[in-house]
Amino acid sequence: MQGNYELIEDTGSTVAIFIRLFQEKHITLSSDEATLLALGIYEDTGSFRHSTTTPNDLEAASWLLSKGAKLNIVSQFVNRELSTRQVGLLNSLLKNTRTYTIESIPIAVSTLTIPSYVDDFAVLVNKMLTMENLDVVFALVRMAERLYLICRSRIPEVNVGTIARDFGGGGHAAAASATIGDKSLFEAEERLIQLLHQYVRPHAVAGELMSSPVISVTRDVTIEQANNLLTRYNITVLPVVNDHTNTQQPVGLLGIISRRVVEKAIFHGLSNVSVSDYMSTDIHILPPSATLAEIQELIIGSRQRLIPIVDDDQLLKGVITRTDLLNMLVNDPAHLPRNLLQEHDHPSAEKTRNVSSIMTELLTRDIIQLLREIGETARELGMTAYTVGGFVRDLLLRIDNLDIDIVVEGDGIRFAREFARRKQATVRTHEKFITATIKFADGLRLDVATARLEYYKYPAALPTVELSSIKLDLYRRDFTINAMAIHLNPDKFGTLVDYFNSQNDLKERRIRVLHNLSFVEDPTRIFRAIRFEQRLDFRITRHVEKLIKNCVRMNMFERASAVRFFHELQQILSENDPLSPLRRLEHFKLFPLLWPDLRPNLKIDRRFVHVINQAQWALSWFKLLYLHEEYQPWAVHLLAIFSRSKVRQLANFCTRFELSDKLRKMLLRQKTEAERIAQEMLRRPFMQPSEMYWLLQDLENEGLLYLMAIARKKHIQQAVSRYVTTLRNTKPLISGKDLHNMGYKPGPGYSGMLNHVLEAQLNEHITTKEQALQLIKTQYPL
């Protein structure tokens, strides 16, 4: 069998040929793709030991490494068949393994004595590392008269090269060995344990765990002002720093003041006293390089609520709270006994995990390349970029969604302008909210925001925006399932960020808010909760239901922006099945808010269900026509809801929710005309095609679909169907130019003559241009 295209070269692997082609065509690869191809080279060439290996294979492997191929993954899959003897030795090695936990890191130590030297014993140690999924393994093996140390590490906390050098050997951080001539097996193991305690250093977590920028106050701020800040940002402790405006002095830490102290001071009439009089100054601080053990010691051992993180110059870089520590412990099962948790309470598998494989599986190459370019641009500008919100949620749910939101730690507007310049796209900025929208030539749109913190000056107010970090930006989101982010910068590309156990909420299919005042701050979130619940087949938790009912009972909606409410209602009425969320709106007694003067429609009865179902049927029919015409499903559903009301009541709705004049006129006209036409068609079941045409031609798509929904007889729906699919696209067989050539004088009469021809066409009295010309000559003699 032969292929349409064949390329045969003298190489040790097929991949080497592909790599040359990729290089010639300038095709780029992701890290995972490079790793997969590297695996092929290693397998075909026997890890470059087969006699068929060529220089091209080595050069191809080198190029793949430059593209991010991961050799540690390749080594796990490269097939090395073990002999019967090696299998026996590996089994003995496993039986003689003990695990030591040093600085919270499990380390496997194996000891073995065999009578003679075994070549390539390191292969067995590598196999053990892979089979048992170990991070660190040390093998002490006495072969004949000599003692050997073979060590492997896959984590930065354990540098095996340093330990091997202490035994007189060598190597690097991940793989090393030594020959030990002056110790027994027992003595060597003892010495190894001592060295592990000496050299193993836990990962520095303070810099990653801390929250920044820090919400702080200066020493001259009053107790009352501090209380306002604590309430505004929903925090319990404020660091007190020196004056930010003094450029001669760094922002150094002076102390901290807690909500408890502030509230007691206010109770005792000390509202106008400065915080410096009552702040705590005997506090412990830590550097960004502090370990988890050091953080635990201060928060758990010393019961310090908040740990300031300062650098070598005593600059305040961030803070770590008790909640931060608890989230880390709960999200890392290694630090928390699992028997303390019920099965349904188990935390998300990882607070941060890499989802590059899911991205590769679900996203197109162009989108992945775009996301990588976003991260690279952010890095070059000294910023950090993330994709956030619904895009991340739907990616993990494996739902298609190209509504990409980008959050930048830095200046989002500056980033957007630079990225748009590089991609030759257009950008529109929104200075008030520090956001921007990038539009590409192919129609794709990116929404770019600066990581920000929003607070509300009063219930249901529009948010006030301040610069923040990704952690605080995610905390301002509506629901936990929308409060995840994915790193886009090259060093962490694809790493999922989940501070709020959001992955578990996705798994359990539940809607939760991030704090109990969420609906008070923004009542429109109620509509979004219902929409997500019904669209994703999730469930609103009982606690969230209680919060919604409280908000409705307290009538928080009166203060909220009517335009924002209408936008959320539009989203619900644009769903494929709006009836389910409408039922939930009724369940939460929200109908009186939406249409207070529609007494018959304050509950979902049989007629309500019928007209909504008919509207859905009409929309589905229109969608299947593939006409590529614009239409607004929400408008059809809204007209259906108001089908039993007067035009005045729809006008009141438009006024209540501050619809634009254009939308208001469209809705009122389509309702009025469609209902008038429905009555006329009901009286006249047998119409000529031309009569249907003239009757329906002024209706927009929304009005036509509404007419189908309210039609009481099938012949009305058939007439609309015929008009949409055939009649309305009919053009006269002749033009004004033809009339001029025939000798008719240009003027208003042209319109009547052409309409006469069109009417004859519609009624199938004429079918050719010649017949049309003859009709004109007969009916309009010169």
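Select R372 and F493 to begin: R372 lies over the face of F493, at 4.2 Å from the ring centre, where a charge sits over a ring if NZ of Lys or CZ of Arg is within 6 Å of the ring centre and within 35 degrees of the ring normal. The model is predicted, so to speak of local features needs pLDDT of at least 70, side-chain atom pairs count only at pLDDT 80 or more, and totals for chains, interfaces and linings use all residues. Residues are numbered from 1 along each chain as its sequence is written, and side-chain values use heavy atoms, with hydrogens and water left out.

Next, select R531 and F532, where R531 lies over the face of the F532 ring, at 5.1 Å from the ring centre.

From there, go to D537, in the loop between α21 (525–536) and β23 (539–540); helices (H or I, at least four residues) and strands (E, at least two) are DSSP runs, numbered from the N terminus. D537 has a positive phi of about 60° although it is not a glycine. Is D537 buried or exposed? At 58% relative accessibility, D537 counts as exposed, on a scale where buried means under 20% relative accessible area, exposed over 50%, and partly exposed in between (1.4 Å probe, protein chains only).

Now select helix α27 (633–641), of whose nine residues eight are buried. These buried residues are W634, A635, V636, H637, L638, L639, A640 and I641. To see what covers them, display helices including α23 (562–573), α24 (579–587), α26 (606–624), α28, α29 (661–683) and α31 (701–710), with contact meaning heavy atoms within 4.5 Å.

W634 also belongs to one aromatic cluster, which F566, F591, W595, F608, F642, F653 and F657 form together with it. The structure holds 21 aromatic pairs, and rings of Phe, Tyr and Trp (its six-membered ring) pair if their centres lie within 6.5 Å, with planes under 30 degrees apart counted as stacked, over 60 as edge-to-face and the rest as tilted. Select F642 and F653: their ring centres are 5.3 Å apart and their planes stand at 65°, so the pair is edge-to-face. This pair links distant parts of the chain, with F642 in the loop between α27 and α28 (647–656) and F653 in helix α28, eleven residues apart. F642 counts as buried at 0% relative accessibility, and F653 is buried as well, with a relative accessible area of 2%.

Move on to E658, which lies in the loop between α28 and α29 and has a positive phi of about 55° although it is not a glycine. At 54% relative accessibility, E658 counts as exposed.

For a backbone feature, select S212 and P213, where the peptide bond from S212 to P213 is cis, with omega near -5°. P213 is found in the loop between α9 (206–209) and β7 (217–218).

Finish with helices α1 (residues 14–24) and α2 (residues 31–44), whose axes come within 8 Å and cross at roughly 140°. Here T14, V15, I19 and F22 in α1 meet L37, G40, I41 and D44 in α2.

Key:
Axes fitted to C-alpha atoms, helices over the stretch in contact; angles between N-to-C directions.
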